[in-house]
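Hi everyone, thanks for making time.

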Amino acid sequence: MDNIGKVEVRQLNIGDYEEMFKSLQEAYPNWPEDHWEKKDIRKLVKIFPEGQFAVVVDDVVVGSALSIIVKYELFGDDHTYEEIIGNYTFNTHNPKGNTLYGIDVFIRPEYRGMRLGRRLYDARKELCEKLNLKAVVFGGRIPNYHKYSTEMSPKDYIQKVKYQEINDPVLNFQLSNDFHVKKVLQGYMPGDKESKDYAVLLQWDNIYYQKISAKASDYKSIVRLGLIQWQMRLYKNIDELFTQVEYFVDAVASYNGDFVLFPEYFNAPLMADYNHLSYAEAIRKLAEYTEEIRERFTNLAITYNINIVTGSFPLVKDEKLYNTGFLCRRNGTYETYTKIHITPDEIKTWGLSGGDLIEVFETDCGPIGVLICYDVEFPELSRILAQQGMSILFVPFLTDTQNGYSRVRYCARSRAIENECYVAIAGSVGNLPKVENMDIQFAQSVVFTPSDFSFPANGIKAEATPNTEMILVADVDLDLLKELHNFGAVRNLKDRRTDLYSVCLNSDKIPVNTKKI
């Protein structure tokens with residue numbers, strides 16, 4: 001292109017997606033079409049809008065630069081592309097990190113050679129300085145290496161590029177923009193045939209960076225959980241029930257808790273007024289309270305500045321009965337989760353139906369998942385959630401016997417180990433002699449951890465006294481999960497043989513443990 005018109009580098013916005021994807025496809029003609037998806041870009045813009053740049057020529061997006069902030073010491077120099085971006089979940093983005101990590105830069109081929117890429121790199125550097133980050137780091141491709149791979153090592157190739165003896169358009173450009181080579185990475189982005197699966201770790205240092213003392217930093221990796229081991233007792237009405245609920249929320253909030261977890265069906269005492277009805281009719285009468293319960297929990301989350309996992313309740317939707325609960329965030333928003341697997345007794349007695357949505361929820365303490373009771377006994381669900389970036393799994397449960405409780409307990413403990421996450425389970429205790437089909441309950445609420453040197457030897461962070469009403473408060477360290485993922489004695493997620501097997505949703509074309517869902 002001989003002439004170039006008005007050029008602008010600005011923040012990427014929603015209206016740029018179509019042109020941006022056209023540029024992306026033209027920039028990477030030899031890469032799979034699903035290398036990037038629109039939902040990936042939407043999430044990046046949502047979590048870190050100032051880190052996503054577009055270069056615009058005559059009002060047309062012709063290139064882009066994408067980035068996140070990471071706490072670099074959690075990954076170190078030996079990492080892969082998918083590790084640094086959380087397997088396309090971007091849950092590795094940490095606003096309180098110290099390094100701007102570049103995850104892609106591209107320019108349409110017909111606009112190359114016009115120094116547009118330099119403008120994007122300059123925008124990144126300015127952002128790094130503005131946010132007082134230590135450096136800009138990324139893994140750079142060496143797309144001409146395949147031409148010389150039989151003649152020399154990557155180290156020799158880089159040296160020859162550096163001294164202008166070989167031309168590599170990408171590495172030459174990066175070196176000319178004041179980036180220095182830190183390391184050669186092998187297997188950084190499998191499938192990069194032109195680079196023979198090698199990449200060069202490059203860094204630009206912010207000379208204006210001012211180190212912030214740990215005392216002054218407001219980065220929070222410690223999350224405080226409050227688990228409610230609920231005593232089943234009769235209540236006259238929903239107001240009396242919520243007097244007890246608010247007491248527990250207030251108590252956990254007074255300890256500066258971040259989450260409070262209630263059990264499955266803890267509102268069952270309200271069915272006492274419907275004992276004259278059939279089981280199926282009584283549970284549907286209980287379902288009439290659910291919307292009001294959600295509203296009350298939403299108000300409590302705001303009032304006490306705490307995220308609430310509400311346990312679960314019956315809900316009628318389109319004439320079907322579901323077992324449903326809510327994540328009520330302290331900012332006033334809420335999400336809905338539904339039990340996927342229904343026990344034989346729930347089907348026979350109440351006529352419940354299973355849900356069909358498996359979803360990770362973003363919170364101000366990172367991504368979480370919720371599985372109701374029986375669902376934790378199916379490892380596929382938690383694996384799918386782990387692939388979406390879940391760091392804490394909440395399990396509200398209701399079990400009547402020690403047999404049933406043991407199934408929930410030991411499956412939950414396994415989920416913590418195999419998915420490298422924390423698992424919090426909370427149940428109800430006591431008896432309900434005046435509520436049919438809810439006679440007895442057995443529970444011991446627990447916070448499980450992975451099993452490695454940084455965690456308790458038995459994989460139990462804290463556990464309640466069995467069959468006693470109480471609040472269990474425990475702190476979990478999210479940074480330890482990232483260290484485990486990269487440096488653990490064993491690495492259950494990274495060491496999976498995805499060449500042999502996969503776990504996926506039937507609605508997804510891409511297996512979740514090979515890329516994303």
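Gly139, Gly140, Arg141, Tyr188, Met189, Asp192, Asp197, Tyr198 and Ala199 line the second largest cavity. Two elements, β5 (135-140) and β7 (198-205), each give two or more residues to that lining; strands here are DSSP runs of E with at least two residues, and helices are runs of H or I with at least four, numbered from the N terminus. A cavity is a set of points on a 1 Å grid over the protein atoms alone where a 1.4 Å probe fits but cannot get out, and lining residues have an atom within 4 Å of a point.

This is a predicted model, where local features need pLDDT of at least 70, side-chain atom pairs count only at pLDDT 80 or more, and totals for chains, interfaces and linings use all residues. Residues are numbered from 1 along each chain as its sequence is written, and side-chain values use heavy atoms, with hydrogens and water left out.

The volume of this second largest cavity is about 40 Å³, counted as the space filled by probe spheres set on the points, which are joined across faces, edges and corners. Its lining has four nonpolar, two polar and three charged residues. For those classes, Ala, Val, Leu, Ile, Met, Phe, Trp, Tyr, Cys and Pro are nonpolar, Asp, Glu, Lys and Arg are charged, and the others, Gly among them, are polar.

How many cavities of 30 Å³ or more does the whole structure have? The search finds two. The largest has about 70 Å³, and its lining includes Met271, Tyr274, Trp350 and Glu436. By class, that lining has seven nonpolar, two polar and one charged residues.

Technical notes. On a 1 Å grid over the protein atoms alone, a cavity is a set of points where a 1.4 Å probe fits but cannot get out, and a pocket is an open set with protein on both sides within 12 Å along at least five of seven lines; lining residues have an atom within 4 Å of a point.
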